[in-house]
Structure formats: structure tokens, C-alpha cells
Amino acid sequence: MKKKIHLLLCMWGLLGTVSGQNVMYVDPFIGTQGTGHTFPGPSLPFGIVQPGPDCNSTSWDYTSGYQYADSTLLGFSQTHLSGTGIGELGDVLLLPFADNEKKGILKKHTEKASAGYYSVEKADGVKAELTCTHRVAFHRYTFPSANASLLLDFQHGIRFLTDSLVLHSDIQIKDKHTITGYCHTKNWVERKYFFVIKFDTPFSSMEQLPLQAKENAPRYVAQFKLKSKHPQLKVKVALSTTGMKGAEKNLQQELPHWDFEAVRKQASDQWSRYLDKIQIETDERRKRIFYNCMYHLLLQPSNIADVDGRYRGVDDQVSCAEHKAYFSTLSNWDIYRAAFPLLQFIAPEVIDPIVRSMIVHHQKAGFLPIWTAWGKDNYCMIGNHAIPMIVSAYQNGFSGFNPEEAFAAIQETSTTPHIHSDWDTYRKYGYYPFDLVKDESVSKASKTDTTTGAWPSWLRNSRRRRSAKNSIKEPVFMKICSTVTPSSSGERIRKGNGEPISIRSRPRLR
């Protein structure tokens, strides 16, 4: 199957048009209004940084930090999630300004975005431009005069059900060009991030602002004296999950220079290499839709390993990843059906590392990942869809992982109780009684979760049948017929005493 995939990609390449043409159809503003939850800032395929504008840091509408119709600007943070229903990340907020009263207002008509680039002019006359490498955000600010100010907010983050966010921080002003630090945050996940900030121009002064209630990270305002003929300030922000030394290595290896246009071009070229793998013949409007979908597909998952392969995993320990790749931002419930199979066609080089990452997660946590961000599991959604992802990769010929370790991970995940998988209750009743399961009880007891759970279970046993070396003494089979029965009003779920209860189904779209 893998050979067929590669052959098909080669055929697409031969039938394709001029290299680099498809990147022109990418419009990062698509999906940024309403509840599309996307962000307009730059990123690389599977990158760990996504610098971009934040208009708000709370509420359902701002889980990516941005709304297209909002002209408010809190600043530019370095990390964002795309398409999620819960807010997270938004690390290290920077806000350049020339006028304190107008510093937080965008001139919306000046906004521009393309694959790997974002720019906007603010009401105070400051123009901000953003691009990035895999692990380093690159900012270029052009000011109306030589007097420039920059807010650095380390308390900021895109929050969900918390008003504190930062548990602990340590920020060090190393010299007039350099700030390093880390923040330990608790939001959708509890995690640590480390950073190095570099200025191409030394700051002339640095003022720390007073801490507010429940804040554990500082804010600073830095002043700069720029060249009067070309008042421009460049800032690089390197991130790491492992430590300040990891962030410094990432900066030194990925972005040792200050050539903004070169980095912007490199980002666009990387996007072109992926987007040109599929050529379609249709009108311009449909091309725009198609390649924007492809663009959003490739934003995540993220390889969170440093350039030397070190990463911080679910156990909060620093380890070294095989082949310098450890993938997180794994929204498995969302991607196992269509996105992950498509990645096997257009980005086969990431499949084995993704599977290896999930197996390592199991070895440290005791079960396969459910939904990870920056190496930590937020346990969002029901069931465990790392199972069909691993089986899909195995059945399609990917072999860059240990199949016995993969099967052991699938077996333990499918038999040992853990969060959202109460196998003891399931073994006792043969189904999830909706009146005995506390969290998301109706979903787990209904057909939705029966298929959500049964599909991984069937695949697990399918994998078992293909391996003569493995057996399960007490396999867990999802008893679909006994869990859900048809009803004229929809579906029936069952209580602990076996009594069926009818629930209404949403009408099926045709």
C-alpha cells in the first residue's frame, strides 16, 4: 500500500503545473470569523510556533485568540491552536506601540496574510510583520519615529475556565538584547514552555509593570531608540518544551541571522512543497477552497522536539526522540477518520514519527494519547482513536515503528481502565449504562460512542488476528446489538438494570 501511495504522489507531481503556484490560493483569514476558530498568523507545516494577533484571550469565539471582524489588539503571541473548541497556548505576548492611547487598535483594511506571513498596520502608525521557522517566531516592526515602545506580557495566554493561568515563572533579562525565561501554566493542559527573546537593537530602558491579582508572571515595557531614517525593530522568539538551553539551540540552528525576507521566502517555499503535491483542475474559487483546506490540515500535529530531538513528554520528563521527532497537538478524535489517512498520502514522512510518539506516550502514561497539546493530554472527547490511527498505518505498510510495542499499547489501552474508558463497568454490563456513567453518560451509552468505542475495538482484534505472536486471554468486544437498539423515535440507550430508553437522533444529512 505504501508503494502505491508513493506512486500516486509521483503521478500527481508529473501531472502538476508550475511549482509554487498553489501557495497563492492560501488565505489564512478563511475560518477566522465566527466559530471557525482558525488564526491568520504564519506557521510551518507541523511547526511548533504560530505567531499571530490576539484580539481577546477568553470565550468560545476566541479559542484561537482572533476574530476577523474585531479591530481590538492585545498583542502578538507566539503559539496558537487551529480549529479547536477550547482555548490554549497564546504564549509570550508582544505589543509594539508608538502611542499609548491607540496601541491596541488595528487598521483592519491593512491586514495581509499568506502562507508563512502576516502583516498589519495599527492605529498608532506601527506596522507589524510576522514570519517564522519551525521553532522560532520572527517579528519586524516599523515605527513612525525613532522612539519605539514594546510591551512584553508573560502572563498572557488564551484561557479556558481559569482566571490565573500561570502557576510559576522565571524571567531573566540577560542583557539589552536578550530576555530568557519559562512559564509553568495550567489551563486545558498543565505544561511548561521556555523561551529566548532577541532584539536586533538594544533597549534603552525596561520598566516592570505592577502585578495584578492572581498573576504570577511579569509584564515589561521596553523603550528603544531606533535609527531615525529607518525606524525598524526586529525581534526573534525561540521556544522549547525542554529548557532555556533548548530554546537557545533552536534559535542558533534555525535562525542565526536577521534576514526577515529570507525567512519569509523559506516559509512560503516549504508550504509550496506540500501544496504542490496535489493538483486539481477547477475554477479559481474552488482552488482557493481546496488549498486552504489542505493548508489547515498541515498546520497540526506539531513536532515539539528541539533541533537535537529532546522534548518534554506526558510524564513531565525530558527525553530524546528517535529521529528527532515527537508529535503532539494530536486531536485524535477529530483526525482519525479523514485527516490522518490523507496525511499518509501527502506527508508519509510524518506517519511513523506520529505512531512512535503515541507508543512512547503509552509507555509513560499507561494508555495511548487521547488529545495532546505540547506533550500533555487534556483527555478531551470519548474513546481512544490512537488505535485506528496505528492500525491504519500498520495495514497501509508503514513499518518505522515496533508492531509488538504498538499492539501492547492497543491491548492495554483497550483493557485497563483509565480516564474516559471505564472498562470494568463495560465488562460487567457489556455496555455503558447511561445512569451509572458520570461523565458524558448519554454519549458513551448511545450509538455515537458505541461506534466510537467499537471501531477501535474491532481494529484491535483485527490486528490481533494478524499477529500469531500475540493473544488476549480476555478480549473486550463491544456488544453493539445489546447496547443500542432501533427505535421509531431515534435510538435506545440502556440503564444499569437493562431498561432501554429512547433518545432522539439528529436528522441525517443527505
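1. Secondary structure. The protein has 13 helices and 24 strands. The model is a predicted one. Keep that in mind for every point below.

2. Overall burial and contacts. Of the 510 residues in the protein, 55% are buried. Take the contacts between residues at least 6 apart in sequence: 65% of them join residues at least 24 apart. The accessible surface is about 22100 Å². Carbon and sulfur atoms account for 52% of that surface.

3. The eight-stranded sheet. Eight strands form an open sheet with antiparallel pairing. Their order is β4-β5-β6-β7-β14-β11-β10-β9. The edge strands are β4 (106-114) and β9 (166-175). Each has a single partner strand, so one side of each is left without a neighbour in the sheet. On average, neighbouring strands here are turned by 15° against each other, direction ignored.

4. The β7-β14 pair. Strand β7 covers residues 136-142, and strand β14 covers residues 232-240. Seven bridges join them in the antiparallel sense. Val136 stands opposite Ala238 in β14.

5. Helices on this sheet. Helix α2 (residues 244-254) packs on the sheet and touches β7, β10, β11 and β14. The direction of α2 makes about 45° with that of β11. Helix α3 (residues 260-275) packs on the sheet too, touching β5, β6, β7 and β14. The direction of α3 makes about 50° with that of β6.

6. Strand β10 and its partners. How many residues of β10 are buried? Eight of the nine are, so β10 is largely enclosed by the rest of the structure. On one side, β10 runs antiparallel to β9, with eight bridges between them. A hairpin through two residues joins β9 to β10. Gln172 stands opposite Thr180 in β10. β10 also pairs with β11, again in the antiparallel sense, over nine bridges. Thr178 has Lys198 in β11 as its bridge partner.

7. The three-stranded sheet. Another open sheet has the order β19-β20-β21, with antiparallel pairing. Its edges are β19 (330-331) and β21 (376-377). Each edge strand has a single partner strand, so one side of each lacks a neighbour in the sheet. Strand β20 (residues 371-373) pairs with β21 over two bridges. Ala373 has Lys376 in β21 as its bridge partner.

Notes:
Residues numbered from 1 in each chain as written. Predicted model: local features only at pLDDT ≥ 70, side-chain atom pairs only at ≥ 80, totals over all residues. Heavy atoms only, no water. Pairing = 2+ DSSP bridges. Helix = DSSP H or I, 4+ residues; strand = E, 2+ residues; numbered from the N terminus. Buried < 20%, exposed > 50% of the residue type's maximum accessible area, 1.4 Å probe, protein only. Contact = heavy atoms within 4.5 Å. Areas by Shrake-Rupley, 256 points an atom, 1.4 Å probe, with all protein chains shown as cover. Axes fitted to C-alpha atoms, helices over the stretch in contact; angles between N-to-C directions.
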